[in-house]
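Please look through the sequence and the model shown here.

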Amino acid sequence: MTLQALSHGADELALLSQARSGDRAAMQRLYALHGGRLYGLALRLVGNTAEAEDVVQETFVNAWRFGGSFRGDARLGSWLCRIALNESRAVLRKRRPTGADATEAEAGAVLPRDVNMMRRLEAALGKLPDGYREAIVLHDVMGMDHAEAADVLGVEVGTSKSQLHKARARMRQLLGDQK
Amino acid sequence: MNDGTKLDSAHLEAETLSALIEGELPDAAARSAQDHLDDCAACRAEVDGLRAMKSQLARLADVTPPRALWTRIEAAHAASAAPVRPTPVWLRWLWPATALVAAAALALVLWPRGEERAPGTPGLARSGTPGALSPLAASGQRAAHAARARDAVSRAESAYRSAIEGLRAAVEQDTRTLAPKAKAAIARGLSEIDAAIERCRGALRTAPDDARAQEALLAAYQQKADLLNELLQEAM
């Protein structure tokens with residue numbers, strides 16, 4: 001870890017500590033830094049804005065309540081993504097028994113040049129098995145490298161890679177089926 | 001399969017091509033795959049398709065959270081962090097009034113901004129349900145959201161007035177229990193908050209769907225709830 005990374009990690013740790021002690025400005029700063037990215041992650045994992053908002057809300061509330069588990073040895077953003085991922089999984093677990101459709105997506109939430117293509121991608125993402133969706137969202141949508149994606153997923157890098165390539169193959173198949 | 005490129009069939013598998021475009025195939029397998037690509041237009045097209053899909057997926061990250069989400073998170077955090085303390089008997093009936101203000105304020109923050117969502121979904125907020133929207137549907141939904149927000153404002157105001165009446169009745173009923181300092185704080189706090197609320201209401205009379213005015217009104221309600229909690233704890 002470089003000196004700059006260590007310094008950045010210390011800053012993040014301090015910011016989280018301030019937020020946990022009730023410092024509203026620190027909370028708002030954390031939200032400004034990470035809220036958009038977490039919302040994007042949650043939206044692509046759960047597939048709708050309402051539950052994505054729930055996920056982001058619970059992510060921050062849990063981070064402030066239980067932030068003591070963050071030691072600064074990982075990037076704060078990755079740590080928050082891990083919480084958001086777990087919250088998203090909980091949302092999906094609770095949704096399934098109700099029969100709600102996990103594949104619905106909100107094209108209005110993006111600003112695409114090609115709305116139809118975005119809708120097709122969102123629909124295909126919604127049809128992926130959870131593990132595939134998580135891998136491809138973290139890597140291809142969120143732009144994480146294999147190491148960070150594996151860290152968030154809590155798996156080996158090789159497993160993350162394998163899931164990604166399988167997910168892309170399945171996506172291509174789903175997109176082909178939509179034609 | 002003998003080298004990881006799955007050349008048993010006529011074409012390379014998409015999974016293999018995905019690893020190829022990431023540069024993750026072993027050297028020998030990558031060379032073999034490249035040889036195949038040189039002679040196979042279908043696999044080259046698949047590589048192009050994978051690259052295009054990767055690029056398009058990256059654009060899905062371009063989303064902006066709704067402006068009210070931060071307010072929601074703050075409210076949820078405040079609700080989760082509220083201390084639980086024993087309440088004196090004489091104050092117990094006041095808690096529902098205070099809670100009513102807080103609940104009304106929360107209701108406004110958390111009031112659905114989208115269509116009704118599926119039951120059984122988690123979280124404090126209930127702000128809409130999935131669905132790709134046509135422009136017409138989106139316009140209709142925005143109108144519905146605005147109506148719901150106005151309704152939430154109305155409910156919050158009603159709850160606020162009820163809570164204030166309850167507080168005043170408590171002060172009149174048992175002034176011995178309430179310290180002068182608390183009474184002064186009540187008068188000062190109520191006056192300031194009422195003025196802020198009146199300003200918000202004035203703005204909303206001009207523009208009933210003004211989200212900023214609605215949020216400011218909500219903030220004033222939340223401030224009121226905080227003040228009540230503070231006074232109640234001070235009296236304890």
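Residues are numbered from 1 along each chain as its sequence is written, chains are lettered from A and ligands numbered from 1 in the order in which they are written, and side-chain values use heavy atoms, with hydrogens and water left out.

Confidence is given as pLDDT, the predictor's score for each residue from 0 to 100. Chain A has an average pLDDT of 83, and 82% of its residues score at least 70. Within chain A, the lowest confidence is in helix α1 (residues 3–20), with a mean of 71, and the highest is in helix α6 (residues 130–141), at 95. Residues 98–112 of chain A have a pLDDT below 50, yet this stretch makes 44 contacts in the model beyond near neighbours in sequence. A contact here means heavy atoms within 4.5 Å. Where pLDDT is low, the predicted coordinates should not be read in detail.

Chain B contains 8 helices and 0 strands. Helices (H or I, at least four residues) and strands (E, at least two) are DSSP runs, numbered from the N terminus. Of the 236 residues in chain B, 42% are buried; buried means under 20% relative accessible area, exposed means over 50%, and partly exposed lies in between (1.4 Å probe, protein chains only). Among the contacts in chain B with a separation of 6 or more, 68% are between residues 24 or more positions apart. Chain B exposes about 12200 Å², of which carbon and sulfur atoms supply 55%; the areas come from the Shrake-Rupley method with a 1.4 Å probe, and for residues only the protein chains shown count as cover.

Next come the nonpolar cores. Such a core is a set of buried Ala, Val, Leu, Ile, Met, Phe, Trp, Tyr and Cys residues joined through side-chain atoms within 4.5 Å. The largest one has 69 residues, and those with the most contacts inside it are A:Val56, A:Trp64, A:Leu121, A:Ile136, A:Met171 and B:Leu57. Helix α2 of chain A gives the most to this core, with 11 residues. Apart from neighbours within four places in sequence, A:Val56 is in contact with A:Tyr31, A:Leu38, A:Tyr39, A:Ala42, B:Leu69 and B:Ile73. A second, separate core of 7 residues includes B:Ile193, B:Ile197, B:Leu204 and B:Leu217.

B:Gln56 lies in helix α3 (residues 41–59) of chain B. With a relative accessibility of 18%, B:Gln56 counts as buried. Leaving out residues up to four places away in sequence, B:Gln56 touches A:Met117, A:Met118 and A:Leu121.

How many aromatic pairs are there over all chains? The count is 4, where rings of Phe, Tyr and Trp (its six-membered ring) pair if their centres lie within 6.5 Å, and planes under 30 degrees apart count as stacked, over 60 as edge-to-face and the rest as tilted. A:Tyr31 and B:Trp70 form a tilted pair, because their ring centres are 5.4 Å apart and their planes are at 35 degrees. This pair crosses between chains, from helix α2 (residues 24–46) of chain A to helix α4 (residues 69–81) of chain B. A:Tyr31 and B:Trp70 are both buried. A:Phe60 and A:Trp64 are also tilted, with centres 5.6 Å apart and planes at 40 degrees. They are 4 residues apart in helix α3 (residues 49–66) of chain A, which separates them by about one helical turn. A:Tyr31, A:Phe60, A:Trp64 and B:Trp70 form one aromatic cluster.

The structure holds 14 salt bridges over all chains, each a side-chain nitrogen of Lys or Arg within 4 Å of a carboxyl oxygen of Asp or Glu. In one of them, the closest N and O atoms of A:Glu122 and A:Arg44 are 2.6 Å apart. A:Glu122 is in helix α5 (residues 115–127) of chain A and A:Arg44 in helix α2 of chain A, so the bridge ties together parts 78 residues apart in sequence. A:Glu122 is buried at 4% relative accessibility, and A:Arg44 is buried at 6%. Another salt bridge joins A:Arg172 and B:Glu46 (2.9 Å, N to O). This pair crosses between chains, from helix α8 (residues 157–178) of chain A to helix α3 of chain B.

Terms used: Predicted model: local features only at pLDDT ≥ 70, side-chain atom pairs only at ≥ 80, totals over all residues.
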